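Q: Hi, I'm new to this one. Could you walk me through it?

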Amino acid sequence: MRIVKNRTRLAEQAGVGLLEILVAVLVISVGLLSFLAMQMLSLEADRSAYLRTQALLIGVDASERVRANPQGFESGAYGSAETEEGSECYSAGACTGAELAQAEVAELRERVRQQLPRGELHVCLDSTPNDGTPTATACDGSGRALAVKVWWDEDQDGTAETLVAIGVTPR
């Protein structure tokens, strides 16, 4: 009779081990998916920090170029430089401050387009540099400081909405 009782107990517990394994696999799967989600967030934050750093470096470079060219600043060439082409100013060696300003802005715009997704750069007189969009820069033309505005598409939705702005005053 003992043999029958043991068989009954084994029959009652049949599949319990398989159920425990299934629960363990489920818990491990949820943990791995959570880890992958955190890894994706980390990669997005890393990319965002990289793009912000590139925009900031370009903005600082632009501000240093403005400070190094007081003739271009005083002539207003940085704020009005809308040309898309650089000049042969560097190779000729003899150019005015305004020509140098236009060449530098064109060079910086090209650098922004190459290094930032949908990158746009605008340099203008603006008393409130932290506003505007790439299509409507919100440059009011007032004040004594130039605003270097760099936009890019951080979230990859096709619209450049992230802005880094630096105000530049002459020495």
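A: Happy to! One term to begin with: a helix here is a DSSP run of H or I with at least four residues, and helices are numbered from the N terminus. Also, this is a predicted model.

Q: Good to know. Where does V27 sit?
A: V27 lies in helix α2, which covers residues 16-68.

Q: And is V27 buried or exposed?
A: V27 has a relative accessible area of 56%, and the cut-off for exposed is over 50%, so V27 counts as exposed.

Q: What about S48, buried or exposed?
A: S48 is in helix α2 too. Its relative accessible area is 17%, and buried means under 20%, so S48 is buried.

Q: Which side chain does S48 have a polar contact with?
A: The side chain of E154, at 2.2 Å.

Q: Switching topic: how many strands form the sheet?
A: There are 3 strands in an open sheet, ordered β1-β2-β3, with antiparallel pairing. At the edges are β1 (120-125) and β3 (162-168), each of which pairs on one side only. On average, neighbouring strands are turned by 15 degrees against each other, ignoring direction.

Q: What holds strands together in general?
A: Strands of a sheet pair through backbone hydrogen bonds, whether parallel or antiparallel.

Q: Back to this sheet: over how many bridges do β2 and β3 pair?
A: Over 7 bridges, with β2 spanning residues 146-152.

Q: Which residue of β3 stands opposite L146?
A: That would be V168.

Note on methods: Residues are numbered from 1 along each chain as its sequence is written. This is a predicted model: local features need pLDDT of at least 70, side-chain atom pairs count only at pLDDT 80 or more; totals for chains, interfaces and linings use all residues. Side-chain values use heavy atoms; hydrogens and water are left out. Helices (H or I, at least four residues) and strands (E, at least two) are DSSP runs, numbered from the N terminus. Buried means under 20% relative accessible area, exposed over 50%, partly exposed in between (1.4 Å probe, protein chains only). A polar contact is a pair of N or O atoms within 3.5 Å; within protein, one must be able to donate a hydrogen and the other to accept it, and residues adjacent in sequence count only if both atoms are side-chain atoms. Two strands pair if DSSP finds at least two bridges between them. Axes are lines fitted to C-alpha atoms, for helices over the stretch in contact, and angles run from 0 to 180 degrees between N-to-C directions.
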